[in-house]
Amino acid sequence: MTHRNRLLAGALALALLAGACGGDDDDAASPGGDTDETPAAVDPERCPVDELEQVDEPVTITMWHTMTSVNAEELEAMVADYHASQDRVRVELVFTGSYDETFERYRTSARGQSAPDLVQLEETTLQQVIDSETAVPAAACIEAAGYDTSDHLPAVLAEFTVEDVLWPMPFNISTPILYFSQRRFEAAGLDPANPPTDLDGLLEASRAIVATGTSPQAFSLETQAWYVEQWFNMAGEPIVDQRNGRDGRATEALLEGETGQQVFDWLSTMLGEQLVLDVGRNPSGSDHFFAIAGNQASMTIGTSAALGGVYDALATNPGLEEEVGLGVAPLPGPTGGGVVPGGAALWLVDRGEPLRVAAAWDWSAWLNEPEQQARWHGATGYIPIRTSAIELPAVQQLWAERPGFEIAYRQVAESANEVGGPVIGGYPGFRDAVEDGIERLVQQGADIAALLPDIDTAATEAIQDYNELVGG
């Protein structure tokens with residue numbers, strides 16, 4: 001399916017979902033539109049938490065989720081503990097595949113009137129779900145419950161807030177970090193206690209690693225637009241207009257600015273000096289880590305959500321653990337802003353039954369409690385999103401044993417970014433444009449002066465195609 005046909009199919013599915021999922025257009029904020037409608041979106045009557053206290057029998061809700069393996073086991077255990085803690089709500093978990101598969105299923109679920117009450121979706125879906133008019137903003141439940149969000153990490157709340165409305169409830173949050181081999185840093189004459197903090201530092205460390213023959217290439221690179229977006233945020237520079245789509249609907253990409261030039265110049269230099277091992281789009285999510293384990297490279301950038309798995313894999317192979325000497329550091333990049341969280345959040349689905357919304361909110365709020373966030377952090381590696389969670393003994397013990405977890409948390413907690421990442425309706429096409437550009441650079445050594453305008457044009461086209469299809 002072509003890029004434009006994917007957009008059309010998605011827009012048509014969204015339109016169908018908006019008409020059949022039980023939502024009331026008069027109660028939803030106009031996405032990217034007049035902020036005078038915002039109070040309707042946060043109407044507390046859409047989330048009658050007080051009525052939930054008076055139910056005669058438990059309200060059963062369905063949650064679609066994407067967790068697998070240990071993460072899924074922990075989520076199931078948390079459901080059991082939630083049930084034991086109260087008698088108002090019962091949660092039925094349904095695994096719906098990857099983030100992309102879950103979103104596709106959600107977009108078409110109204111055809112069979114089979115929408116869930118709660119769905120776990122990646123942050124990249126923010127604009128599309130708002131446009132579907134199928135969800136009750138978490139802000140409505142916060143208003144109804146008098147819920148205090150002051151203990152939540154500001155960067156996490158900002159990531160899921162559009163035009164001053166918090167839409168989904170944050171849950172499993174991650175951030176990109178630098179993984180490196182301390183042993184190979186030492187072999188290359190580098191100080192593992194002072195890893196690179198910016199792109200120039202990455203370049204110099206890479207040169208030292210290759211020059212000393214420590215590893216054939218220095219840096220294993222997965223083709224991810226997410227990292228480019230992060231570098232724009234770290235520079236305090238929006239990657240799309242309308243303040244990254246936070247003050248209104250994004251209409252164009254801004255990739256040709258100073259940060260875009262810096263990032264692609266850096267990557268061009270790294271590639272030209274043969275310092276990079278390219279692992280492509282890395283669908284397994286692990287090839288860039290295997291490159292370090294196999295001493296094909298000494299550094300990589302990856303999601304903090306992989307920390308638990310990386311630590312566990314090394315722990316099962318003491319020889320490899322000693323050989324590598326895992327190092328973890330904040331994402332190197334520009335200064336002036338800060339990283340923004342990735343991961344997923346929980347959307348309260350509007351099926352025309354406010355009591356079910358209140359029940360889904362109750363479960364979401366329980367998952368956000370400090371004790372649950374500490375537990376989730378330790379079991380999965382996702383970042384705790386409550387400040388008070390890190391004071392609990394379980395977190396302190398984890399950080400003492402596996403300090404990379406604290407580094408990931410601090411990076412988000414101390415982020416100076418007050419805006420949040422880009423909110424884009426045509427996000428898949430936008431990321432395709434950026435990743436296609438990276439691939440051109442890797443495979444053809446394209447001229448940056450010609451490449452950046454091409455990427456910007458393709459990314460803008462993806463944004464505008466989507467906006468045209470949904471009437472934005």
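A polar contact is a pair of N or O atoms within 3.5 Å; within protein, one must be able to donate a hydrogen and the other to accept it, and residues adjacent in sequence count only if both atoms are side-chain atoms. With that in mind, select S132 and V129: a polar atom of the S132 side chain sits 2.7 Å from the backbone oxygen of V129. S132 belongs to helix 6, residues 126–132 (helices are DSSP runs of H or I, at least four residues, and strands are runs of E, at least two, numbered from the N terminus).

Before moving on, a word on the model: it is predicted, so local features need pLDDT of at least 70 and side-chain atom pairs count only at pLDDT 80 or more, while totals for chains, interfaces and linings use all residues. Residues are numbered from 1 along each chain as its sequence is written, and side-chain values use heavy atoms, leaving out hydrogens and water.

Is S132 buried or exposed? S132 is buried, at a relative accessible area of 0% (buried means under 20%, exposed over 50%, partly exposed in between, with a 1.4 Å probe and protein chains only).

Next, jump to G333, in the loop between strand 12 (326–330) and strand 13 (342–349). G333 is buried too, with 3% relative accessibility. Show Q230 as well: its C-alpha atom is 8.5 Å from that of G333, though the two are 103 residues apart along the chain.
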